[in-house]
Structures are given as C-alpha cells and as structure tokens.
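The following note sets out, point by point, comments on the model under review.

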Amino acid sequence: MAVDDQVSAGEAIISDSHTNGVNGHTNGINGHTNGVRDHTNGHSKGSANAGLHPEKPKTGISVIIVGAGFGGLCAAIESHRQGHSVQLFESFHELKILGDIISFGANAGRIFRRWHTSSGDRISDRLRPLSIDLSSYGFNIHKFDTGEIVLNSKNPPADPEAPVFDGHRGEFHSILFHYVKDELCIPVRLGCRIQKYFETESEAGIELVTGERVTADVVIGADGVRSKARELVLGYVDKPKSSGYAVFRAWFDNSGMMADPETRQFCENGDTFNGWIGPEVHFLFSTIKCGTDCCWVLTHKDDADIEESWSFPGRLEDVYKVFEGWDPMCKRIVSKTPEDKLVDWKIVYRDPLMSWGATQAMEDGVTIAICLREAGRGNIGGATRAFQEIRYERVKGVQKTGETTRDMWHKADWDKVKKDRKSIAFPRDEWIHGHDAETHAESVIKETLAKVS
C-alpha cells in the first residue's frame with residue numbers, strides 16, 4: 001500500500017518498494033528483518049567487540065531483520081553501529097557457499113571500508129584477495145560476430161577509501177555472515193521460517209511456522225524478491241512479472257580452459273574481463289583469482305512463464321542456440337562449463353520497482369539505521385517515512401541505468417560505433433559510484449524528519 005500518513009510508534013520496514021506498513025511498523029530494505037523487543041543492545045558479548053567501531057549511545061530501539069543476504073547483513077551491522085538492539089532471522093539452516101559473480105561499486109566499497117574487525121583490519125581488506133584485479137587488463141568489448149575487440153576500457157584509478165569488488169557471491173557473503181555472527185556477536189537465528197508479519201500501534205513482529213512470535217520496535221524485511229513482508233506493506237499478493245530477459249550464468253574452475261590452447265590465454269596471465277555485445281544479447285566472461293576461477297553471464301531475450309519459479313538448472317544446448325552466428329570463441333568458452341554449474345535465471349520485475357541488488361540494499365541498511373537513531377524510539381514512523389523519502393528516487397534512478405546499459409549494447413549501431421568506439425563504453429556514473437550513503441543520510445536526516453514527521 002502507499003505510505004500511511006498515520007504511521008505511529010513501532011515501525012516495520014518491508015519489501016523492495018520502499019513503502020511503509022499498515023500502521024507504520026513495517027518497512028523494506030530489499031527484504032531484511034532484524035531485532036527483538038528487549039530494549040537492550042542484545043549482544044551479550046559486547047566486551048569482545050567493543051573495539052570494532054566507535055561506540056554510539058544505545059538508542060533503546062529494538063530491530064528485527066528477516067533475511068541474512070547482503071542487505072540484511074548490512075542492515076544488522078549498521079543498526080549495531082548506530083546503537084540499536086538487533087536480531088537476525090534467516091530461513092536457511094546452515095551457511096553454504098552458493099552463487100556466482102557479484103559486483104560492488106565504490107558506493108558499497110565505502111561501506112565495507114568503514115567496518116573494522118576484531119583483528120585490526122577492515123572488511124574491505126578481507127574481500128580484496130577474493131576480488132578480480134583488472135588494474136592492468138581493463139575490459140575488452142568485442143563485436144558479437146567477428147570477435148573484433150572494439151574497445152578496451154581501462155579502470156579508473158583505485159580509491160583506497162572507496163574500493164570496488166567483483167567476486168564470488170558465496171565467498172563474499174561468508175565473510176560478512178561470520179563478521180556479524182562471530183565478531184559483532186549479533187544474534188543470528190537460522191532455520192527460522194516466517195509465516196506471518198504483524199504490527200500494532202506500538203510494535204511490529206514476526207510469527208514463525210513454529211508459532212513463536214517475536215516483537216520489536218521495527219521489523220526490516222530483507223527476504224528478497226519472494227518477500228512475504230511485501231504483502232503486508234502493499235495489502236495484496238504482488239506476483240513477479242517477466243522483464244522479457246533472462247540470464248544464463250555459471251562459475252567454474254579453469255581446468256577445462258587451461259587444457260584448450262585456444263582458451264588458455266584467458267587464464268594463464270592473471271585476471272581478465274571480456275564482453276561480446278550483439279542484437280538483444282550480451283555475453284560477459286571473467287577470470288578471477290589470478291585466472292584460477294572462471295565465470296560468465298549471458299543476457300538474452302526470454303518470454304518464459306515465471307509464475308512459480310525464476311531460477312532453473314541451465315542446459316548448454318540452450319546457450320549454444322543463443323550463440324548462433326556469433327564469434328566461435330563464445331561457444332568455446334561456454335563449452336568448458338560443467339553443466340551442473342549452469343543456471344538459467346529469469347529477470348523479473350515487481351511493481352513499482354525491480355529489486356535493485358546488493359549495493360542498493362547496502363545503502364538502504366546504512367540509511368535506515370541512521371534514520372532510526374535520529375528519529376528516536378518515540379518516532380519510529382517518522383524514521384521509516386524519512387528513509388523512503390531519502391532513498392526512493394535514487395533507487396529508481398539506479399535501476400534505470402541498468403536497463404539503459406543493456407539497451408545501449410543490445411541495440412548498438414555498428415556504423416556509428418566505428419566512428420565513436422567509446423559510445424559503447426561501460427558507463428561509470430559518478431552520481432552512482434561517488435555516492436556516500438552515510439554522509440548523505442547524516443546531511444539530510446534532520447530536514448527530512450521535519451518534513452515527514
């Protein structure tokens with residue numbers, strides 16, 4: 001539903017659409033929930049982590065975060081930094097290293113850089129060895145049919161305070177998960193399936209399938225595109241809609257690549273990044289960790305029915321069909337992929353916005369934690385309205401840039417490209433990557449609260 005002007009006391013933050021809950025106790029940061037209504041910090045091992053961050057005064061605000069993905073973990077860390085009491089609930093029973101490539105721009109790197117650890121380093125220092133290093137290689141853009149390298153884009157100079165990370169989703173996630181659980185000692189409850197979200201005039205809460213009910217001042221729903229929390233916010237079941245595109249994606253070791261003299265070049269000289277762009281299709285291939293790991297994504301038109309599911313085991317024969325008429329190197333690379341490593345991922349939309357990904361979810365987590373601290377426990381509703389006011393337009397704009405880049409590549413006019421090769425360069429928008437979510441939120445929160453409270 002739309003923002004409720006009568007939002008009161010406790011607040012829940014839920015869903016991908018940055019809308020507030022029925023009574024203002026529910027609000028969304030890409031699907032994350034955390035917290036318990038104990039009005040204490042909730043972290044019994046506080047002495048063990050006291051040196052990790054400069055201590056902010058305890059706010060007395062209890063937070064439930066549902067979902068231990070990147071957005072939920074970030075919301076937990078930032079809520080902890082801002083002095084809130086946090087609990088994290090996740091449906092999976094154990095941590096598994098799953099997934100493939102994920103990218104975090106400089107706007108996320110600033111956040112990682114601020115997270116100090118118990119061993120004296122920072123989370124960004126732990127991510128660096130697992131991330132691709134393209135400082136010398138850059139990014140090669142190939143024409144889809146001839147394989148010609150049309151443009152080599154060099155990476156901009158690295159900013160140590162705003163690093164960029166591209167690596168394995170599961171490996172990055174493991175670092176953050178253990179940081180939350182083992183170093184910050186934030187309570188994490190695994191194997192907890194949420195059957196219901198609820199809110200009253202004074203609190204928000206969750207009900208587990210076991211019947212257990214847990215309440216807090218605010219519930220942050222970070223349970224992804226399948227979010228049950230979203231139903232409470234909107235007041236109806238919001239089914240996903242096909243975007244008309246899908247992505248084949250894979251991550252595998254370099255053994256097959258190294259065994260082939262034609263593909264060995266991509267692995268034997270360190271990290272690489274190559275892209276082939278053509279009509280309604282683009283293929284991106286990377287080698288990571290000094291060429292030992294390989295990953296690729298192939299975005300293409302797709303009109304499959306995604307009523308029930310949108311991630312399926314992929315088939316190499318389907319990938320080969322997309323590559324008909326393309327540079328043979330594309331098929332040669334893909335042929336090294338063990339089929340059990342291939343995923344067919346349908347890109348789906350929600351009204352009014354598509355899920356905007358891990359970096360924007362991290363910016364969400366930073367922002368809501370600051371909004372809650374500044375508003376205080378007596379104005380949770382104002383905090384969540386301020387959060388939406390600060391984040392909505394930026395998130396919508398960032399989402400559109402992904403579509404713009406895709407369309408630029410898929411509809412490239414190659415006669416024009418010959419005259420201006422930089423016309424297909426991967427865009428690096430300063431307003432996106434130069435954004436500092438913490439500094440921005442701190443600079444506008446008082447004015448925004450006055451406007452919405």
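**Comments on the predicted model**

1. Glu207 has Arg213 of strand 13 as its bridge partner. Strand 12, covering residues 204-208, is joined to strand 13 by 4 bridges, and the two strands run antiparallel.

2. These strands belong to an open sheet of 3 strands, ordered 11-12-13, with antiparallel pairing. Strand 11 (194-199) and strand 13 (213-216) are the edge strands; each has a single partner strand, so one side of each lacks a neighbour in the sheet. On average, neighbouring strands of this sheet are turned by 20 degrees against each other, direction ignored. As background, the strands of a sheet pair through backbone hydrogen bonds, in either a parallel or an antiparallel manner.

3. Strand 14 pairs in the parallel sense with strand 4 (residues 62-66), over 4 bridges. Within this pairing, Ile64 has Val219 of strand 14 as its bridge partner. Along strand 14 (residues 218-221), Val218 and Ile220 point one way, while Val219 and Gly221 point the other way; all are buried.

4. Ser131 deserves a separate comment. This residue lies in the loop between helix 4 (123-127) and strand 7 (139-143). With a relative accessibility of 5%, Ser131 counts as buried, because the cut-off for that class is under 20%. A polar atom of the Ser131 side chain lies 2.8 Å from the backbone nitrogen of Asp166. Once neighbours within four places in sequence are set aside, Ser131 is in contact with Val164, Phe165, Asp166, Phe172, Asp271 and Ile288.

5. On the cysteines, how many disulfides does a search of the whole structure find? The search finds 0. In general terms, a disulfide is a covalent bond between the sulfur atoms of two cysteines. Cys185 is buried, at a relative accessible area of 12%, whereas Cys290 counts as exposed, at 61% relative accessibility.

6. A final comment concerns confidence. The average pLDDT of the chain is 84, and 80% of the residues score at least 70. Over residues 1-25, however, the pLDDT is below 50, although the model gives this stretch 146 contacts beyond near neighbours in sequence. Residues 30-48 also have a pLDDT below 50, and that stretch has 102 contacts in the model beyond near neighbours in sequence. Where pLDDT is low, the predicted coordinates should not be read in detail.

Terms used: Residues numbered from 1 in each chain as written. Heavy atoms only, no water. Pairing = 2+ DSSP bridges. Axes fitted to C-alpha atoms, helices over the stretch in contact; angles between N-to-C directions. Buried < 20%, exposed > 50% of the residue type's maximum accessible area, 1.4 Å probe, protein only. Disulfide = S-S within 2.5 Å. Polar contact = N/O pair within 3.5 Å; in protein donor to acceptor, adjacent residues only side chain to side chain. Contact = heavy atoms within 4.5 Å. pLDDT = per-residue confidence, 0-100.
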